[in-house]
Amino acid sequence: MSFLSSLDIGGSALSAQRLRIDIISQNIANQETYNTAVGADPYCRQLVVFSEKKKFSDVLYKFSEEDDGPKYSKGTYYLSRKDKYKYAGVTVAQVIDDDAPFVPVYEPDNPLADEDGYIYKSNVDNAKEQIDLLAAQRSYEANASAIAAVKAMLTKAMSLNGR
């Protein structure tokens, strides 16, 4: 795996976690919303689904070539093209709605209440959002540290190359 692919992996993780933090912030901002019309749903909590980043050419190559195992040449093993680390990074597969039920609040005098006298509050739980936000921040920090380590290795390698 080359240094540049390490930066690509970290960069894709940073952008994915940033989107996750944005979605969590949107959930927190809308946690106190109610349904805006009779029979309408209030804001629904959203979740981010991550997926491995795949290149179409790598997937196509996987099914078009036979793998003949590692190669050996002058004391070094070389992995075949099929075995190389080619799925570099993470991508956001989709943003989905949470299937948790909305919170009913009994307000029979509210014009938005249903026939039973309930209005419905968003299904966003602040405690869950704070925990998810903390996890996303920690992941973002870890990926930023990994990128900093790769940059430090590149800097050291370039300084050693000049000697």
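1. Burial. Of the 163 residues in the chain, 24% are buried. Buried means under 20% relative accessible area, exposed over 50%, and partly exposed in between (1.4 Å probe, protein chains only).

2. Basis. This is a predicted model, in which local features need pLDDT of at least 70, side-chain atom pairs count only at pLDDT 80 or more, and totals for chains, interfaces and linings use all residues. Residues are numbered from 1 along each chain as its sequence is written, and side-chain values use heavy atoms, with hydrogens and water left out.

3. Layout. The chain has three helices and six strands. Their pattern along the sequence is α-β-α-β-β-β-β-β-α. Both are DSSP runs, numbered from the N terminus: helices are H or I with at least four residues, strands are E with at least two.

4. Contacts across the chain. Take the contacts between residues at least 6 apart in sequence: 70% of them join residues at least 24 apart. Contact means heavy atoms within 4.5 Å.

5. Surface. The chain exposes about 11100 Å². Carbon and sulfur atoms supply 55% of that area. The areas come from the Shrake-Rupley method with a 1.4 Å probe; for residues, only the protein chains shown count as cover.

6. Aromatic rings. A pair of aromatic rings is described by the distance of the centres and the angle of the planes. Rings of Phe, Tyr and Trp (its six-membered ring) pair if their centres lie within 6.5 Å; planes under 30 degrees apart count as stacked, over 60 as edge-to-face and the rest as tilted. The count here is one aromatic pair. The ring centres of Y106 and Y118 are 5.4 Å apart and their planes stand at 65°, so this pair is edge-to-face. Y106 belongs to strand β5 (residues 103-106) and Y118 to strand β6 (residues 118-121), so the pair ties together parts that are twelve residues apart in sequence.

7. Exposure of that pair. Y106 is exposed, at 53% relative accessible area. Y118 is partly exposed, at 31%.

8. Residue Q31. Q31 sits in the loop between α1 (3-29) and β1 (46-52). Q31 is buried, with a relative accessible area of 16%. Neighbours within four places in sequence aside, Q31 contacts K121, S122, V124 and N126.

9. Residue N30. N30 also lies in the loop between α1 and β1. N30 is partly exposed, at 23% relative accessible area. Not counting residues up to four places away in sequence, N30 touches Y43 and S122. N30 and R45 are 15 residues apart in sequence, and their C-alpha atoms are 8.5 Å apart in space.
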